[in-house]
Amino acid sequence: MSGYFVRTAGERDLEKVRALLVESFHASYDSLHGRAKVADLIIHLFSPAALKARLVRKDAEFLVADDGRNIGGMGYAAMSQALTKTVMLHLLYVRPALQRQGIGRDIFAELETCFPDAEIMRLEVEPQNAAAIAFYLSHGFTEVGRNENRGAGQSGIPALIFEKPLEGH
């Protein structure tokens, strides 16, 4: 056991969550897209206002892994607006130094139970993020397609789309 327990995030966690996301995003993507582009993405995706908006969203779950002092990981998922009975896993990050200790698995397992009406969990992953792809494959996801444009507010980088049926369906 890692000593981290998973709980719902609160507003007082957002500063630590943001620091974790900044560190994790740079560790995951600097080598793929360059530090400047990653820093630019972080400004848009993880501003305090953007994180607060995720926190207060009704049909979503925002979880953190906490050891009493530090936030070791975070997960965020929300019901899809476009797809029926589908929950979108938007963020699942563990502090780089704490990876491979089961923290991501624990956050993921908790998120899976938070959406009783959902039949499918869906996510998009950077095609070159081999560690993330391996994690999702090992947790029962299969690749179902590609999203070539990611929309205007996104990075313009194509993403692989993965899905998994949720238990009990």
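Arg 100 lies in the loop between strand 4 and helix 4 (103-113). Helices (H or I, at least four residues) and strands (E, at least two) are DSSP runs, numbered from the N terminus. The model is predicted: local features need pLDDT of at least 70, side-chain atom pairs count only at pLDDT 80 or more, and totals for chains, interfaces and linings use all residues. Residues are numbered from 1 along each chain as its sequence is written, and side-chain values use heavy atoms, with hydrogens and water left out.

Phi of Arg 100 is near 70°, a positive value in a residue other than glycine. Most residues other than glycine have a negative phi. Arg 100 is exposed, with a relative accessible area of 84%. Here, buried means under 20% relative accessible area, exposed over 50%, and partly exposed in between (1.4 Å probe, protein chains only). Lys 85 also has a positive phi, of about 50°, and is not a glycine. Lys 85 sits in the loop between strand 3 (71-79) and strand 4 (86-94). Lys 85 is partly exposed, at a relative accessible area of 45%.

Helix 1 (residues 14-33) packs with helix 3 (residues 48-56) at an angle of about 115°, and their axes are 10 Å apart. Axes are lines fitted to C-alpha atoms, for helices over the stretch in contact, and angles run from 0 to 180 degrees between N-to-C directions. Helix 1 and helix 3 are therefore roughly perpendicular to each other (angles of 65 to 115 degrees). In helix 1, Leu 14, Arg 18 and Leu 21 meet Pro 48, Leu 51, Lys 52 and Leu 55 of helix 3. By class, this contact of helix 1 with helix 3 has 5 nonpolar, no polar and 2 charged residues. Ala, Val, Leu, Ile, Met, Phe, Trp, Tyr, Cys and Pro count as nonpolar, Asp, Glu, Lys and Arg as charged, and the others, Gly among them, as polar.

Helix 2 (residues 35-45) has Val 38, Leu 41, Ile 42 and Leu 45 buried. Seen down the axis of helix 2, the buried residues fall within an arc of 105°, so they line one face of the helix. The arc is that of the directions from the helix axis to the C-beta atoms. These buried residues of helix 2 pack against helix 1 and helix 3, with contact meaning heavy atoms within 4.5 Å. On the other side of helix 2, Ala 36, Ile 43 and His 44 are exposed.

Tyr 4 is found in the segment before strand 1 (5-8). Tyr 4 is buried, with a relative accessible area of 10%. Not counting residues up to four places away in sequence, Tyr 4 touches residues including Ala 65, Ile 71, Leu 98 and Ile 103.

Technical notes:
Parallel < 35°, antiparallel > 145°, perpendicular 65-115°, else oblique.
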